[in-house]
Structure formats: structure tokens, C-alpha cells
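Please read them with the model open.

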Amino acid sequence: MSDFEREVASCLNDFFEKHQIRGFAYRLKQSKFSTQYVDLLVDSLDPRYYCAIECKSIRGKKLYFSQHFHADKNGMHQIDAISDFLTKTGRRGYLAVEFRSGPGRALEAFLYPWDEVALAFGSRPGISLDEFRERGVALSRCSERYTLDQLYPKTFEKLSQTQREQ
């Protein structure tokens with residue numbers, strides 16, 4: 001299990017505490033013989049924060065669907081499996097990505113709406129760092145920890161509203 005997963009869970013729990021929101025983020029235990037659909041679950045009575053998060057820590061400036069995700073033994077792509085999990089559980093989905101650019105360069109991390117990930121998966125090979133900067137929610141670094149100002153910005157609200165109308 002990666003440090004990035006632990007850092008995102010801690011970041012979200014700090015966010016909940018700071019804003020006095022009833023919610024809790026936790027990492028799922030990985031096991032060789034059981035399916036793990038996502039890396040983190042967030043439980044909250046507030047439906048805006050009832051979500052699941054897949055975490056990726058990558059080198060480079062683009063997340064590629066063929067390189068950074070996998071298919072299971074039955075050939076189901078990880079993106080399809082996560083989308084199915086989100087549909088069945090009613091959770092909002094996010095992709096948390098940490099871009100590691102190498103020594104001496106600052107880390108950049110973002111939360112990106114899963115619906116946008118699924119749409120991109122069907123139409124192009126990946127999502128660029130610039131797209132994450134433009135459409136994602138940045139996780140800031142402070143004292144070697146990630147911090148989050150808002151999990152649910154207006155851009156996510158508009159996306160959610162459009163989905164409800166469809």
C-alpha cells in the first residue's frame with residue numbers, strides 16, 4: 001500500500017475535522033485473494049462526501065489508461081470495475097493522482113471526478129497534467145502533508161447536476 005493512499009486519507013480526515021463535517025476516510029486492506037475495487041472509502045451521512053477514491057502516484061505528465069490501470073483475470077478493465085462499484089454502491093467517485101516529476105521538483109496532486117475519468121477512458125488514451133490542473137481539485141502541500149480546501153467545488157456541482165438531469 002502506498003504512502004500516497006495514506007496521505008490522501010489523512011488529508012480528507014483533516015479536512016472533515018477542520019470543517020466540522022461528519023465523515024471518515026479510510027484505506028481498504030489489500031489481499032492477494034480478494035478483490036479491492038478502490039483504494040479509499042469515505043463514509044458520511046452527507047451524500048456529497050459519501051465517496052470512493054482510486055489513488056495513483058505516477059511519474060510523468062500524463063496518466064495513461066493502458067499503463068496506470070490494469071485488467072482483472074476475466075479481462076475487465078479497472079476503470080469499468082470501479083464504475084460498476086460506484087453504480088452499485090451509490091458513492092461518488094474520484095481519482096486521486098500524484099504527479100512525481102523527479103528530484104528537486106514539487107509534487108502535484110489532484111482529485112478528479114470519476115465520471116470525467118470514465119468519459120475520457122472511452123475517448124482517448126489518457127488525461128494530461130494540464131487537464132488535472134484545469135478540472136481537478138488541487139491537494140496543496142504544507143509541511144510535507146497534503147491539505148484540502150474544498151472537496152466539492154462548484155465545477156463538481158455542475159457535473160453532478162448535469163448527471164442527475166440525464
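1. Strands β8 and β9 pair in the antiparallel sense, over 3 bridges. Within this pairing, Arg 141 stands opposite Tyr 146 in β9. The hairpin that the two strands form has 2 residues between them, and Ser 143 in this hairpin takes a positive phi near 50°. Most residues other than glycine have a negative phi. Please bear in mind throughout that this is a predicted model.

2. On its other pairing, β8 (residues 137-142) is joined to β6 (residues 108-113) by 3 bridges, and these two strands run antiparallel. Two of the facing positions can be named. Leu 111 stands opposite Val 137 in β8, and Ala 109 stands opposite Leu 139 in β8.

3. How many strands form the open sheet, and in what order? There are 7 strands, arranged β1-β2-β3-β5-β6-β8-β9, and the pairing is mixed. β1 (23-27) and β9 (145-147) stand at the edges; each has a single partner strand, so one side of each is left without a neighbour in the sheet. From one strand to the next, the twist averages 25°.

4. Helix α1 (residues 3-18) lies across β1, β2 (40-44), β3 (51-59), β5 (92-100), β6, β8 and β9, and runs at about 170° to β1. Helix α4 (residues 114-121) lies across β3, β5 and β6, and runs at about 85° to β6.

5. The largest nonpolar core has 23 residues, and those with the most contacts inside it are Val 8, Leu 12, Ile 53, Leu 111, Leu 139 and Leu 148. At least two residues of this core come from each of α1, β2, β3, β5, β6 and β8. Helix α1 gives the most, with 7 residues. Another core lies apart from this one; it has 22 residues, among them Ala 52, Phe 69, Val 117 and Ala 120.

6. Val 8 is worth a check in the viewer. Leaving aside its neighbours within four places in sequence, Val 8 is in contact with Leu 40, Cys 55, Ala 96 and Leu 139. Leu 139 is also listed with Val 8 among the residues with the most contacts inside the largest core, and Leu 139 is the residue that Ala 109 stands opposite.

7. Is Phe 65 buried or exposed? Its relative accessibility is 3%, under the 20% cut-off, so Phe 65 counts as buried. Phe 65 is placed in helix α2 (residues 65-68). Not counting residues up to four places away in sequence, Phe 65 touches His 77, Ile 79, Val 117, Ala 120, Phe 121, Arg 124, Pro 125, Gly 126 and Ile 127. Ala 120 is 55 residues from Phe 65 along the chain, and their C-alpha atoms are separated by 9.2 Å. Val 117 and Ala 120 also belong to the core of 22 residues.

8. Gln 20 is found in the loop between α1 and β1. Gln 20 counts as exposed because its relative accessibility is 74%, over the 50% cut-off. Although Gln 20 is not a glycine, its phi is positive, at about 50°.

9. Finally, confidence. The chain has a mean pLDDT of 86, and 87% of its residues reach 70 or more. Over residues 158-166 pLDDT stays under 50, and for these residues the model has 7 contacts beyond four places in sequence.

Methods. Residues are numbered from 1 along each chain as its sequence is written. This is a predicted model: local features need pLDDT of at least 70, side-chain atom pairs count only at pLDDT 80 or more; totals for chains, interfaces and linings use all residues. Side-chain values use heavy atoms; hydrogens and water are left out. Helices (H or I, at least four residues) and strands (E, at least two) are DSSP runs, numbered from the N terminus. Buried means under 20% relative accessible area, exposed over 50%, partly exposed in between (1.4 Å probe, protein chains only). Contact means heavy atoms within 4.5 Å. Two strands pair if DSSP finds at least two bridges between them. Axes are lines fitted to C-alpha atoms, for helices over the stretch in contact, and angles run from 0 to 180 degrees between N-to-C directions. pLDDT is the predictor's confidence in each residue, from 0 to 100. A nonpolar core is a set of buried Ala, Val, Leu, Ile, Met, Phe, Trp, Tyr and Cys residues joined through side-chain atoms within 4.5 Å.
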